[in-house]
Amino acid sequence: MKENENIIYGRNPVLEAINSGREIEKIYVSKSAKGNISKIIKSARDKNIIVSTADNVTLDKMSGNGNHQGVVALCSLYKYCDVEDILEYANEKGEKPFILLLDGITDTHNFGAIIRTAEAFSAHGIVIPKRRSAVVNSTVVKTSAGATEYMKIAKVSNINNAINNLKKQGVWIVGSSVDAKEDFSNVDYDQPIAIVIGSEGEGISELVKKNCDYLVKIPMMGNMNSLNASVAASIFMYEVVRQRIGKA
Ligand SMILES: C[S@@+](CC[C@H](N)C(=O)[O-])C[C@H]1O[C@@H](n2cnc3c(N)ncnc32)[C@H](O)[C@@H]1O
């Protein structure tokens, strides 16, 4: 599958990109596209974005697959932010920071799913390492259903340095690990918090584990020894929101 960082495809992702004000050079619409495609065309024209028609073979080639739902946008690269921007955003909203740290998530579908849930639960941002991590490419945007357009994502050279910096600013680091003894629901999430989710294969690195204030697990009853990373992230995020709403 082609992984392109300046192509967005699929109806929701393209519509969210238009609505959020991402710089879009051109939108290609399938000649045979029906349904809510007219809404996309109208939104694009309202923002003076050029709309062209293309056949499905061309759209398949541009998107790298057949999941474009009849629309592909040629746009600017996703703009990453700094960790400080995430903290500032939480501060502006008058909320305690709620951050996710992804310690080497490489599966684009997991990354997109995490972004989608993080946006739905109003997390303030996501921190990823520069190396050995999925980046915001066309597959991630599509899997996130366009939630990438509203989510702050910081790329850092060193995840441990980022953790130390967050700690200095009063953020508690909660590591999620299948080997932990403590139940994840025993943590008080109504404080400045960053949840660390480990990679699909290895989990959280040993150094990062040592650097966490809490190391907790989601109890499991079946035969599997771990949950999918994006599912685990969703359960944690739900718990944060559940506790915070309960205390509001
Ligand atoms: C597929 S799991 C990684 C499994 C890996 N073999 C390990 O031993 O950690 C990916 C990530 O999801 C999170 N995760 C999965 N299941 C979990 C559970 N039951 N409790 C806490 N975190 C979990 C952890 O962050 C984990 O690193």
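Handedness first: I call a crossing left-handed if the near helix is turned anticlockwise from the far one by less than a right angle, and right-handed if clockwise. Helices (H or I, at least four residues) are DSSP runs, as are strands (E, at least two), numbered from the N terminus.

Ground rules: this is a predicted model, where local features need pLDDT of at least 70 and side-chain atom pairs count only at pLDDT 80 or more, while totals for chains, interfaces and linings use all residues. Residues are numbered from 1 along each chain as its sequence is written, and side-chain values use heavy atoms, with hydrogens and water left out.

Entry 1, H1 and H2. I looked at helix H1 (residues 11-20) against helix H2 (residues 37-46): the angle is about 20° and the axes are 10 Å apart. Axes here are lines fitted to C-alpha atoms, for helices over the stretch in contact, and angles run from 0 to 180 degrees between N-to-C directions. H1 and H2 are therefore roughly parallel (under 35 degrees; over 145 is roughly antiparallel, 65 to 115 roughly perpendicular, the rest oblique). Their crossing is left-handed. On the H1 side I noted Arg-11, Val-14, Leu-15, Ile-18 and Asn-19, which meet Ile-37, Lys-39, Ile-40, Ser-43 and Ala-44 of H2 (contact means heavy atoms within 4.5 Å).

Helix H5 (residues 108-120) packs on helix H9 (residues 229-247) at about 15°, axes 9 Å apart. That makes H5 and H9 roughly parallel. The crossing of H5 and H9 is right-handed. From H5, Asn-110, Ala-113, Ile-114, Thr-117 and Ala-118 meet Ala-229, Ser-230, Ala-233, Ser-234 and Met-237 in H9.

A polar backbone atom of Gly-198 is 2.9 Å from an oxygen of the ligand. For Ile-218, I have a polar backbone atom 2.8 Å from a ligand nitrogen.

Note on methods:
A polar contact is a pair of N or O atoms within 3.5 Å; within protein, one must be able to donate a hydrogen and the other to accept it, and residues adjacent in sequence count only if both atoms are side-chain atoms.
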